[in-house]
Amino acid sequence: MRVSSYSRLRDVSYFGSLVLFAVTVMLACSPRANALPAFARKYGLRCSACHESWPMLNYFGQKFKDNGYQLMNDRDAPIWQNPSYWPVTFRITPIWHRVSTGKVMVDTYGSNGAGGSVVTGSTLQRVSNSGFDISGLDFHTGGTLEKNISFYVLPSSNNAAQFHFETVMGRLDNLFGSSWLNVKLGKFELDNLLSEKRILTLTGNGGIYQLYHFRPQGDGNVFGQMGDNQLGLEVMGHSWNDRTRYSAALLSSVDGQVGLPYGSNAYSGFFTFSQAFDTGKAGVQRIGAYAFVGEAPTNWLTQTGPNGATVIPGAVGNKSFSREGFVGQFYFGQHVDLQVVTQHGQDSVWFGQGYGDFIDGVASGNNTTGTTLAAGAQAPSWNGVLVEPHYIYSPQLIFIGRFETIRMSQQSTPGTASNFGNISTYTIGYRYNPFMTSRAGFAWHNEYNWLHQDGTAPDGTNLNTSELLMGFDFDF
Amino acid sequence: MQRNNLRKWSSVFGAAAVVAFAMPSSAQQTKYDFETRMNIESHVGNITGHAKDAKPDYRRYCVGCHGELGDGNGENFPWVDPKPRNFQLGVFKCRSTPTGTLPTDQDLFDSIGRGFDRSNMPQWSTFTKQERTDLVAWVKHFSPRWVGEKPGTPITIPPEPEVTPERIKAGREVFARVQCWKCHGVLGQGDGPSAATLTDDLGRPIAPFNFAEGARPKCGDTDKDIYRIFMTGLDGTPMPSFADNIKPDEAWDLVFYLRTLMSQHSKEKAMAKQLGLKPVDPNAPAGQQ
């Protein structure tokens with residue numbers, strides 16, 4: 001039974017791939033290419049003016065963003081717009097998706113001797129699933145409330161339409177008439193030059209930068225994720241043509257979760273600096289550095305949760321973490337570029353031992369008064385690098401590749417295999433925009449991701465997962 | 001395939017027809033004509049620009065307004081005012097060269113980086129110098145003017161003198177004499193008696209610059225830029241060149257006077273206040289302002 005249904009599935013997916021291939025060919029033959037369409041409509045610019053390929057920004061788009069979504073002319077103030085103009089954009093992606101996980105624990109069956117079956121045990125096997133799906137909905141609104149006062153509000157849903165606020169921020173731009181002083185308050189993406197919110201890939205493992213979310217196995221620090229939007233205050237500035245830029249943000253160490261933390265205040269800071277260089281025909285090269293340093297809580301005040309709680313008095317458990325690295329954006333003419341991010345990360349030994357994550361409620365320990373660490377426990381640290389080359393055939397067609405690897409340099413628990421939790425992942429894909437206008441974006445998207453992690457299969461061996469995804473990515 | 005070609009051609013003809021309709025004076029340009037001019041170069045400083053190298057940048061950044069054929073007829077044409085420049089005509093607002101002549105490569109280079117305030121033309125300041133110089137060559141390849149004609153010789157601008165109250169008063173005299181106020185109004189608010197009647201070369205209404213509003217002049221806002229603006233004119237608009245009516249030294253006086261009309265703080269504005277300077281009187285007899 002199982003076998004035949006699997007092979008049928010394979011047939012269906014084979015047929016599906018054929019249909020999708022045909023669609024690709026058809027789209028490729030149709031005429032002319034294409035991000036926040038709300039901005040495109042406001043200024044009469046094509047998506048390609050601000051996006052290398054939407055949603056990823058190019059240099060012109062980065063400057064527009066750094067100016068508070070302004071071109072710095074008299075058309076920035078909303079009063080200039082037709083009164084019916086509302087800066088709204090939605091984005092959603094219907095897809096076909098296949099996920100194949102190398103080692104999953106599944107039940108084995110045998111006969112119960114009476115024409116039925118019983119569970120006889122379990123075994124490890126590869127599980128592959130495919131089918132049609134949709135992404136969540138992003139509902140962007142952003143722009144200016146008045147010249148030099150900008151905003152961005154992004155209610156975002158999962159694929160069952162449950163919404164949360166991904167971004168909510170107001171920004172005062174060009175304070176004292178200087179591009180060097182802009183202040184942002186709210187929940188926003190960290191000033192990552194290679195923005196994960198604008199990533200060009202969509203699969204589960206390839207649709208994020210692993211480097212921006214990495215945690216050693218068993219580590220309780222959910223707070224050091226550069227890829228998650230954070231709550232805080234950011235000061236940023238740049239030269240008039242954006243060649244030099246800096247930012248410094250003070251963040252609540254709550255991983256972007258709204259509401260004051262229960263019992264423990266902690267703050268972290270995110271700092272960036274970058275400089276771009278004019279290299280003639282090759283284009284503009286940018287190199288920069290970032291540091292994410294701070295503290296986050298490792299205890300909570302009630303032992304058993306809000307009801308029937310045992311209050312632990314005077315429990316303070318802020319522990320430190322840091323992520324720092326370099327960023328390079330290298331261009332080789334108008335067709336080829338290479339994005340590079342490196343990271344050295346370190347968590348306090350307390351996080352390494354599983355303390356910390358009371359947001360998800362899965363921390364293995366509560367660092368209350370009198371808690372001691374296991375003998376020999378150390379602060380975990382790791383190094384990683386992300387390399388993402390692009391080939392831009394035209395503003396309508398981009399080929400994407402990515403390689404990321406993260407290697408533990410020190411495990412927290414003595415005796416742990418030195419490579420436990422290491423990640424290597426490859427992603428390849430392309431996005432084809434059959435048309436490019438100043439009104440809407442539409443991309444035919446194809447992507448494959450392969451992720452390898454050391455020692456994290458249920459039996460302690462290595463785990464490989466692969467994903468294939470294709471679909472329509474559109475916004476208006 | 002065939003349908004594709006058909007569509008391509010019909011859009012070429014369609015666009016050409018619109019150009020011909022909108023600008024009866026311009027000869028029709030086709031992609032073939034552009035090909036023949038693809039080797040056009042531009043020179044800015046010690047950088048040489050090549051038209052063909054700018055093609056991907058033009059498609060990425062400019063085509064939505066200026067159009068595949070450089071005729072200003074991109075998809076945003078209907079929604080944008082003032083209209084995107086038609087490069088086929090080879091007529092440009094911001095020049096260091098006398099009215100009626102072609103601008104220098106440096107002029108176009110500056111215009112692209114500066115952008116045009118009070119229009120949809122953005123500041124393209126993020127390009128490398130090379131990329132921007134290539135774009136200059138690309139802009140030029142759309143017009144046959146660049147094959148037969150050389151750019152004009154930039155006007156000579158004498159060094160800027162020291163501002164004095166006397167010079168400001170003299171500038172006021174010039175403003176009255178050559179009748180800038182007819183279009184710009186006595187307070188420079190863009191509301192002179194002729195203002196409402198003005199149209200550009202496309203026959204579209206155009207407003208004279210409002211000095212008092214705090215806006216940036218399109219062709220630059222340094223003293224030298226302003227000098228250049230009224231001594232070369234903005235071709236394609238009613239803003240004329242006054243090179244024949246204003247002597248170089250007087251021109252500086254006028255620049256100083258124009259500063260007093262602008263909302264931005266300046267030493268000229270402070271001096272005018274001290275002098276108790278009044279707006280020009282259109283009815284005063286010549287020389288008795």
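Modeller: Let's start with a word we will need: a residue counts as buried when its relative accessible area is under 20%, as exposed when that value is over 50%, and as partly exposed in between. Please keep in mind, too, that this is a predicted model.

Colleague: Thanks! Then let me try the word on a pair: are B:R259 and B:D223 buried or exposed?

Modeller: B:R259 and B:D223 are both buried. Here is the general idea behind such pairs: side chains of opposite charge can pair when their charged atoms come close. In this case, the side chains of B:R259 and B:D223 form a salt bridge, with N and O 2.8 Å apart. B:R259 sits in helix α10 (residues 248–261) of chain B and B:D223 in helix α9 (residues 223–232) of chain B, so the pair ties together parts 36 residues apart in sequence.

Colleague: Which helix of chain B holds B:R228 and B:D225?

Modeller: Helix α9 of chain B holds both, 3 residues apart, or about one turn of the helix. B:R228 counts as partly exposed because its relative accessibility is 22%, while B:D225 is buried because its relative accessible area is 11%. There is also a network built from salt bridges that share partners: A:K281, B:K52, B:D53 and B:D134 are joined in it.

Colleague: How many salt bridges are there over all chains?

Modeller: Searching the whole structure gives 25 salt bridges over all chains. One of them links the side chains of B:R145 and B:E149, at 2.8 Å from N to O. B:E149 has a relative accessible area of 34%, so this residue is partly exposed.

Colleague: Now for the bigger picture. Which domains does the assignment give for chain B?

Modeller: The assignment gives domain 1 (34–146) and domain 2 (165–275). Taken over C-alpha atoms, the centres of these two domains of chain B are 26 Å apart. As for contacts, 21 residues of domain 1 meet 18 residues of domain 2.

Colleague: What area is buried between domain 1 and domain 2 of chain B?

Modeller: The general idea first: the size of an interface is often given as the accessible area lost when the parts come together. Between domain 1 and domain 2 of chain B that area is about 1600 Å², with 50% of it from carbon and sulfur atoms. On the domain 1 side, B:K93, B:D117 and B:R118 lose the most area to domain 2, together 37% of what that side buries. There are also 3 salt bridges between the two domains, and B:D81 and B:R204 form a salt bridge at 3.6 Å, N to O.

Colleague: What area do chain B and chain A bury between them?

Modeller: Chain B and chain A bury about 2900 Å² between them, 42% of it on carbon and sulfur atoms. In chain B, the residues B:R60, B:E75 and B:T126 lose the most area to chain A, together 24% of what that side buries. B:E75 also forms a salt bridge with A:R46, whose closest N and O atoms are 2.7 Å apart.

Colleague: Which helix gives the most to the side of chain B that touches chain A?

Modeller: That is α3(B), with 8 residues. By class, this side of chain B has 10 nonpolar, 11 polar and 13 charged residues.

How values were computed:
Residues are numbered from 1 along each chain as its sequence is written. Chains are lettered from A and ligands numbered from 1 in the order in which they are written. This is a predicted model: local features need pLDDT of at least 70, side-chain atom pairs count only at pLDDT 80 or more; totals for chains, interfaces and linings use all residues. Side-chain values use heavy atoms; hydrogens and water are left out. Domain bounds come from an automatic or database domain assignment. Contact means heavy atoms within 4.5 Å. Buried area is the accessible area (1.4 Å probe) that two parts lose on being put together, summed over both. A salt bridge is a side-chain nitrogen of Lys or Arg within 4 Å of a carboxyl oxygen of Asp or Glu. Helices (H or I, at least four residues) and strands (E, at least two) are DSSP runs, numbered from the N terminus. Ala, Val, Leu, Ile, Met, Phe, Trp, Tyr, Cys and Pro count as nonpolar, Asp, Glu, Lys and Arg as charged, and the others, Gly among them, as polar. Buried means under 20% relative accessible area, exposed over 50%, partly exposed in between (1.4 Å probe, protein chains only).
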